[in-house]
Amino acid sequence: VAQIGSVYAGVTNLTPENYDSATAGKSVFIKFFAPWCGHCKAMAADWEKLASDFESSDTKLIAEVDCTDDANQGICSENGVQGFPTLKYGNAAALDDYDGGRDYASLKSFADDKLKPSCSPFNLDLCEGEEKAKIDVYFAMSADELKTKIDAVDEIIAAADKKFEEGLEELQNKYMDMVEKHENAVEEEKEKKHYGAIKAVLAYRKSKGEKSTEDLEDEQDEL
C-alpha cells in the first residue's frame with residue numbers, strides 16, 4: 001500500500017484531503033499529536049515501528065494527525081482531541097479512545113487483537129440485523145439528504161462547544177477574581193500588621209545570635 005504522506009517515515013499523515021480515502025474500509029489506529037509535545041516525541045519511534053508492521057495491510061491502518069496544522073483543526077476538533085498525544089482507534093468515522101500502554105509491545109498487542117474490520121458501508125458483509133437495516137436506510141438517501149443530517153448534528157455540536165467555552169471562560173474569570181481578592185487580602189493584612197518590618201527585625205536579631213524559644217526547642221529536638 002503506498003504511503004500517502006508522512007511526518008515520520010512509514011507513518012501515514014492524515015489530512016482533510018486524504019482522510020476519507022486513506023481510511024476507507026479499514027480499522028484504524030490514529031495518533032493525534034503536536035510536534036513540540038515531549039510525550040509525542042518519546043513515542044515517535046515506537047509509533048513508526050508499529051506503522052511499518054502494518055504498512056502492507058489492506059484492513060488496518062496506523063496513522064497520525066498533526067493538530068498544530070491549521071488545515072487539520074477540523075479533524076482534531078471533531079474527534080474531541082484536547083491533549084497530546086491522543087490515541088484513538090476503530091472506525092475512522094466514529095473513533096474510540098485508546099487508554100492502554102504507549103510502549104511498542106502494548107501498542108502492537110492491541111493492534112493485533114483489536115484492529116479488525118467492522119460493520120460499515122465499506123464492509124457490508126459484516127453487517128446484520130439492526131446495523132444493516134440502519135445503513136440500508138441511509139443508502140436509500142441522496143448525498144444532499146445525508147449532508148443535511150450531518151450538518152444538523154454539526155450545528156448541535158458547535159452550539160454545545162460554544163456553551164462549554166463560554167462556561168469555561170466564566171469559570172476562568174471567577175478564578176482570576178478569587179486569586180486577585182486573595183492576594184489583595186493577604187497583602188492588606190501583611191501591611192496592616194507590619195509583617196515585613198517584623199520579619200526584618202527578627203532576621204536581624206538572629207544574625208546577631210539571638211534565638212527565639214522555638215529555635216531553642218528545635219535545637220533541643222535535634223540533639
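**Close-up views of a predicted model**

View 1. Val28 stands opposite Gly90 in S4. Strand S2 (residues 27-33) and strand S4 (residues 86-91) run antiparallel and are joined by six bridges. Strands here are DSSP runs of E with at least two residues, helices are runs of H or I with at least four, and both are numbered from the N terminus; two strands pair if DSSP finds at least two bridges between them. This is a predicted model, in which local features need pLDDT of at least 70 and side-chain atom pairs count only at pLDDT 80 or more, while totals for chains, interfaces and linings use all residues. Residues are numbered from 1 along each chain as its sequence is written, and side-chain values use heavy atoms, with hydrogens and water left out.

**View 2. The hairpin from S4 to S5.** Here S4 pairs with strand S5 (residues 94-97) over four bridges in the antiparallel sense. Two residues make the hairpin link from S4 to S5. Look for Tyr89, whose bridge partner in S5 is Asp96.

**View 3. Helix H2 packed with helix H4.** H2 (residues 38-53) and H4 (residues 104-114) pack at an angle of about 30°, with their axes 9 Å apart. Axes are lines fitted to C-alpha atoms, for helices over the stretch in contact, and angles run from 0 to 180 degrees between N-to-C directions. H2 and H4 are therefore roughly parallel to each other (angles under 35 degrees). From H2, the contact (heavy atoms within 4.5 Å) is made by Met43, Asp46, Trp47, Lys49, Leu50 and Asp53, and from H4 by Tyr104, Leu107, Lys108 and Ala111.

How values were computed:
Parallel < 35°, antiparallel > 145°, perpendicular 65-115°, else oblique.
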